[in-house]
Amino acid sequence: MEIVVCVKPVPEAETRLRPDAAGTALDPEGVKYVLAGYDESAVEQALLLRESIPGSRVHVVACGPAPRTEEVLRAALALGCDVATWVDVPAASADEPLSAARALASAISPHSPDLVLCGKQAGDNEAGVVPAALGELLGVPDLSYVLDVRWNAGASRFSLKRASEAGLESWTVPAPCVLGLQQAWNDPRTAKLPAILKSRKAPIARVTPPSAAADPASSPRRFELPPPRTGAKMIEYKTADEAATRLVRALREEAKVLP
Amino acid sequence: MTRTALVVGELSQGRLAGATHEAIGAAAIVSGSPAGVSVLLAGRSARTAAGELARSGVARVVVVEDPRFDAGPPAVLAVQAAATAARIGVGVVVVGGTTFGREIAGRVAARWDGAVATGVTEVAPEGESVRVRRPVFGGRATETRVLGGPRVVLAIRPHAFPTPASDGPTPPIEVVPAADLPAPLLGPIRTGVESAAAGAGPGLSDAAIVVSGGRGLRGPENFHLVEELAASLGAAVGASRAVTDAGWRPGSLQVGQTGKAVSPQLYIAVGISGAIQHLVGMVSSRVIVAINSDASAPIFRVADYGVVGDLFEIVPALTAEIRRVRAT
Ligand SMILES: Cc1cc2nc3c(=O)[nH]c(=O)nc-3n(C[C@H](O)[C@H](O)[C@H](O)COP(=O)(O)OP(=O)(O)OC[C@H]3O[C@@H](n4cnc5c(N)ncnc54)[C@H](O)[C@@H]3O)c2cc1C
Ligand SMILES: Nc1ncnc2c1ncn2[C@@H]1O[C@H](COP(=O)(O)O)[C@@H](O)[C@H]1O
């Protein structure tokens with residue numbers, strides 16, 4: 001089975017966010033880009049499926065500029081992915097989910113994968129658009145908010161769970177399809193040193209999508225940090241009952257978040 | 001220039017989801033008034049649910065009574081939405097901020113060739129374009145984007161838009177057959193739902209109020225304090241990773257970097273220190289309350305209201321006070 005897993009380079013969680021000089025986007029200066037969040041779950045899921053389906057291969061694909069994109073592909077190779085493709089586009093295209101989806105689709109479709117795994121949303125712009133857009137562009141069904149994917153060879157279908165407002169849904173989905181992964185509760189594996197060293201020298205295929213495919217459909221105007229919260233208003237009290245009365249009064253009359 | 005809009009309605013157990021009313025509110029802002037908004041409802045109960053839009057003042061309700069929309073994955077409705085948008089010639093498609101809405105947005109955008117933004121908290125027409133604001137990086141920053149071109153798809157963020165008043169005319173109902181639904185999209189089959197434990201209240205991601213508990217509770221046997229407070233408020237229950245890692249509560253309740261991101265109207269953190277990995281999942285909540293015995297806990301730096309004290313005394317008193325206020 002050919003399993004493609006899409007990973008996006010995103011700033012590591014501890015990054016101190018700062019707008020760039022134009023004030024339109026995150027200043028990438030000094031930011032460390034990593035394979036993170038839901039994409040880690042997607043990679044973990046891909047590797048688990050490979051272990052359970054003989055003759056499978058995990059192909060990791062990332063779309064974005066150098067050097068960050070190459071770095072996350074090497075991180076995915078170090079975790080055990082078999083081959084890597086770098087879809088070379090400018091940051092503005094990689095950060096606009098529809099253009100990222102078009103660029104990814106152009107790179108993925110020649111491989112006719114049986115399964116495309118994504119994170120349910122990217123850790124930076126949190127769009128949650130790419131999995132469904134990829135489904136449409138590849139002409140296959142998609143489901144997102146997915147966990148715990150298993151392959152049922154007899155039925156030629158994946159069976160999986162999906163977390164929605166209704167609760168934990170069970171689905172079966174035929175291959176080929178695109179799935180957006182929710183956080184896996186089994187901790188994703190970490191890379192071992194020899195694998196990290198090996199991944200540094202692994203070949204990475206570079207492709208450039210047709211330029212129209214990567215044209216962003218929207219443009220960023222402003223990137224702002226919220227005003228710092230002025231610090232909590234501390235509730236003064238002598239007894240717990242008094243604390244409760246004062247807090248509830250503040251929430252009803254001042255903050256107006258309770259009826 | 002204002003654009004006409006199509007809201008893709010979501011039905012939950014035969015009724016219109018709250019998210020759909022909010023989507024109509026957002027669409028009315030882009031279109032200038034509800035009269036520029038059409039609503040698509042698909043599924044067996046679509047016609048009945050259309051009755052809930054009496055006096056909503058929207059232009060029309062397009063009803064597709066076809067069971068494939070109840071059984072099928074969200075992608076099927078996305079196809080219908082793109083077809084309906086093209087047929088009636090709208091410039092904007094708006095969906096609610098649920099998992100369902102978000103899932104539809106990407107496929108509608110790719111199929112209908114529209115620019116797309118999700119998690120939108122503010123929207124305004126701007127010349128020939130649509131300008132949106134949306135939180136990014138777990139609410140640690142906000143971006144403003146301009147979506148150009150003739151077609152725009154928006155998924156709004158829960159609780160960001162008011163539901164419109166119902167004092168307008170009752171819209172006509174147009175019953176139409178389903179669009180051509182591509183066979184592969186009908187392949188996925190839902191085989192069951194384990195509903196969120198009976199009486200467990202709203203789901204974390206879209207609850208208006210979330211009460212979360214942390215290691216300060218000392219053990220699973222005390223977590224009921226958080227659950228009772230949540231129940232008194234009709235709130236969803238969340239937890240820090242310390243709690244889910246220790247197995248006191250399931251991982252699905254975890255709020256934070258490696259759990260769920262929430263942005264309710266009110267977030268109450270009980271016995272949670274406020275590690276950065278927890279904060280990224282909840283800082284975009286509108287009002288944050290922290291209850292912690294340590295006055296220097298970092299949670300107080302992002303909180304709007306703080307109570308320094310022993311949660312084992314404060315939380316039961318708070319639950320009792322809320323029950324009392326609710327009863328009067
Ligand atoms: C890669 C990574 C990802 C992570 N992802 C997440 C995540 O998604 N979500 C998350 O929550 N964490 C996450 N963490 C863990 C995070 O760093 C913290 O360890 C965790 O949030 C701490 O949980 P806590 O606040 O419940 O516990 P603690 O930090 O132990 O805090 C307990 C608090 O309870 C207070 N307390 C104790 N007794 C009482 C009392 N009687 N009354 C009132 N207050 C009391 C204490 O003063 C203290 O502030 C992650 C960590 C890493 C490294
Ligand atoms: N530039 C990109 N390169 C590779 N994968 C991406 C890219 N952007 C998004 N994805 C994938 O799509 C998922 C959802 O992203 P998004 O729709 O942008 O929130 C991510 O978790 C990735 O799996």
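Two strands are taken to pair if DSSP finds at least two bridges between them, and helices (H or I, at least four residues) and strands (E, at least two) are DSSP runs numbered from the N terminus. The model is predicted, so that local features need pLDDT of at least 70 and side-chain atom pairs count only at pLDDT 80 or more, whereas totals for chains, interfaces and linings use all residues. Residues are numbered from 1 along each chain as its sequence is written, chains are lettered from A and ligands numbered from 1 in the order in which they are written, and side-chain values use heavy atoms, with hydrogens and water left out.

In chain B, strand β4 (residues 37–42) and strand β5 (residues 60–64) pair in the parallel sense over five bridges. B:S38 stands opposite B:R60 in β5(B). Chain B has an open sheet of seven strands with parallel pairing, in the order β7-β11-β6-β1-β4-β5-β12. Its edge strands, each pairing on one side only, are β7 (115–120) and β12 (173–175). From one strand to the next the twist averages 20 degrees; axes are lines fitted to C-alpha atoms, and angles run from 0 to 180 degrees between N-to-C directions.

Ligand 1 is surrounded by 26 residues, of which the closest are B:R215, B:S240, B:T258, B:S273 and B:N292; a residue is counted if one of its heavy atoms lies within 4 Å. Helices α7 (241–245), α8 (276–279) and α10 (311–327) of chain B each supply at least two residues of this shell. Polar contacts are pairs of N or O atoms within 3.5 Å. An N or O atom in the side chain of B:S240 is 2.5 Å from an oxygen atom of ligand 1, and for the side chain of B:S273 the corresponding distance to an oxygen atom of the ligand is 2.6 Å. A backbone N or O atom of B:G271 lies 3.1 Å from an oxygen atom of ligand 1. On its own ligand 1 has 990 Å² of accessible area, and the protein covers 75% of it; areas come from the Shrake-Rupley method with a 1.4 Å probe.

Around ligand 2 there are 21 residues, the closest being A:C6, A:D39, A:A122, A:G128 and A:V129. A nitrogen atom of the ligand is 2.8 Å from a backbone N or O atom of A:C63. Ligand 2 exposes 470 Å² when taken alone, and the protein buries 100% of that.

In chain A, the end C-alpha atoms of helix α4 (residues 97–108) are 16 Å apart, which agrees with the 16 Å that its twelve residues should span at 1.5 Å a residue; the expected span is 1.5 Å times one less than the number of residues. Ten of the twelve residues of α4(A) are buried (under 20% relative accessible area; exposed is over 50%, partly exposed in between; 1.4 Å probe, protein chains only). Among them are A:P97, A:L98, A:L104 and A:I108.

Most residues other than glycine have a negative phi, and most peptide bonds are trans. The bond from A:A66 to A:P67 is cis, with omega near -5 degrees, and A:P67 lies in the loop between β4 (57–64) and α2 (68–79) of chain A. A:A175 and A:P176 are also joined by a cis peptide bond, with omega about -5 degrees. A:S112, in the loop between α4 and β6 (115–119) of chain A, has a positive phi near 40 degrees and is exposed, with a relative accessible area of 54%. B:R55 has a positive phi of about 65 degrees and is partly exposed, at 44% relative accessible area.

How values were computed:
A polar contact is a pair of N or O atoms within 3.5 Å; within protein, one must be able to donate a hydrogen and the other to accept it, and residues adjacent in sequence count only if both atoms are side-chain atoms.
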